[in-house]
Amino acid sequence: MLRFTRIRWRALGLGLLSLVCVVLFSACGGSAPTADSGSPSTADAAPLKVALDPTFPPFQSQTGAGQFEGFDIDLMNAVAEAGGFTMNMEGLPFDGIIPALQAGTIDATISTMTITKERAEVVDFSRPYFKAGLAIAVQDGNTDITGFDSLSGKKISAQIGTTGEAEARKSGASEVRTFDSTPIALQELSNGNVDATISDAPAILYAIKSGGVRGVKVVGELLTEEFYGIATPKGSPNLAKINAGLQTIIANGKYKEIYQKWFDGEPPVLPEAAPI
């Protein structure tokens, strides 16, 4: 709804006078000049509001100075540059991001969000930007849990609202404890308060490698093959330029450069659409 306050009547009057002059000029056989009908420049376009959950290193975290850093941050900056748009990033709890997209209070999110059929019914996803999978973590001395089939009757921790939580609830666990972040869920495991944690393999392995959590190991095979996508509200016109930016950085080698900055080895080949 349009809202007018303190209308400047003088400016309005000048505008009406100009309109009259244009009409008279046209009536006399002249042609009034027209404004450029092209699309707004990048500088003129409003920055996109991009949400993230800065509790998921090495993808997203926050420094002591309050700056965001991680694979997703570098990737989104590169996508914006290649796609010809600007953005502002803001932190939100993971379980509040989809409601914010649905409400239109944010324009997009890059938050290690797995592309699923259920989520794709309420938001639109970009082409996949990362291939991942869920893993099981246990304490170093645990020999009882060797895979998903041995989780029945156990206590499991996971980050709330994630596919890790959904998988934990399929396991027959006696209790599933949810937390605001994967590092907290892993700390619950390290402290001996749960028997296992289910989360994204890259996040668990990074926490172990960096010393963020101690006395923890990964067991069994990956439970799933998942792809992360950048999500937007349904029908958003911004999705096309996000996909264009992603396509450009995958093709020109920038994606590989960012991947190798944060992870070992060659990046996997990414499909144009997630198999959901």
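User: Let's start with α2 and α8. How close do the axes of these helices come, and at what angle do they cross?
Analyst: The axes of α2 (residues 71-83) and α8 (residues 238-252) come within 7 Å and cross at roughly 105°. Axes here are lines fitted to C-alpha atoms, for helices over the stretch in contact, and angles run from 0 to 180 degrees between N-to-C directions. Helices (H or I, at least four residues) and strands (E, at least two) are DSSP runs, numbered from the N terminus.

User: How are α2 and α8 oriented to each other?
Analyst: α2 and α8 are roughly perpendicular. That label covers 65 to 115 degrees; under 35 counts as roughly parallel, over 145 as roughly antiparallel, and the rest as oblique.

User: Which residues meet there?
Analyst: From α2, L75, A78, V79, A82 and G83. They meet K241, I242, G245, L246, T248 and I249 in α8. Contact means heavy atoms within 4.5 Å. The residues of this contact divide into seven nonpolar, three polar and one charged. Ala, Val, Leu, Ile, Met, Phe, Trp, Tyr, Cys and Pro count as nonpolar, Asp, Glu, Lys and Arg as charged, and the others, Gly among them, as polar.

User: Before I go on, what sort of model is this?
Analyst: This is a predicted model: local features need pLDDT of at least 70, side-chain atom pairs count only at pLDDT 80 or more, and totals for chains, interfaces and linings use all residues. Residues are numbered from 1 along each chain as its sequence is written, and side-chain values use heavy atoms, with hydrogens and water left out.

User: OK, overall picture. How many helices and strands?
Analyst: The protein has nine helices and 14 strands. Of its 276 residues, 41% count as buried. Buried means under 20% relative accessible area, exposed over 50%, partly exposed in between (1.4 Å probe, protein chains only).

User: Now the five-stranded sheet. What's the strand order?
Analyst: The order is β10-β9-β11-β8-β12. The sheet is open and its pairing is mixed. Two strands pair if DSSP finds at least two bridges between them.

User: Which strands sit at the edges?
Analyst: β10 (175-179) and β12 (216-219), each pairing on one side only. Neighbouring strands of the sheet are turned by 30° against each other on average, direction ignored.

User: Is β9 parallel or antiparallel to β10?
Analyst: Parallel, over five bridges. I156 stands opposite V176 in β10. Q159 has F179 of β10 as its bridge partner. β9 (residues 155-159) is mostly covered, with four of its five residues buried.

User: And β8, what does that strand pair with?
Analyst: β8 runs antiparallel to β11, joined by four bridges. I136 stands opposite I198 in β11. β8 also pairs with β12 in the antiparallel sense, again over four bridges. There, Q139 stands opposite V216. Five of the six residues of β8 are buried, so this strand is largely enclosed by the rest of the structure.

User: Which helix lies across β8?
Analyst: Helix α7 (residues 201-209) does. α7 lies across β8 (134-139), β11 (196-200) and β12, and runs at about 115° to β11.

User: What about α6, which residues are buried there?
Analyst: T182, A185, L186, E188 and L189. Seen down the axis of α6, they fall within an arc of 150°, so they line one face of the helix. The arc is that of the directions from the helix axis to the C-beta atoms. They pack against β8, β9, β10, β11, α7 and β12.

User: Let me zoom in on L189. What does that residue touch?
Analyst: Leaving aside neighbours within four places in sequence, L189 is in contact with A137, V138, Q139, V194, D195, A196, T197 and V216. Its relative accessible area is 0%. The C-alpha atoms of L189 and S157 are separated by 7.3 Å, at 32 residues apart along the chain.

User: Different spot. Where is F94?
Analyst: In the loop between β4 (87-91) and α3 (97-103). F94 is buried, with a relative accessible area of 9%. Not counting residues up to four places away in sequence, F94 touches several residues, including D53, M113, R119 and G161.

User: Last one: which residues of α9 are buried?
Analyst: Y255, I258 and Y259. They cover an arc of only 100° around the axis, which puts them on the same side of α9. What covers them includes α2, β7 (130-132) and α8.
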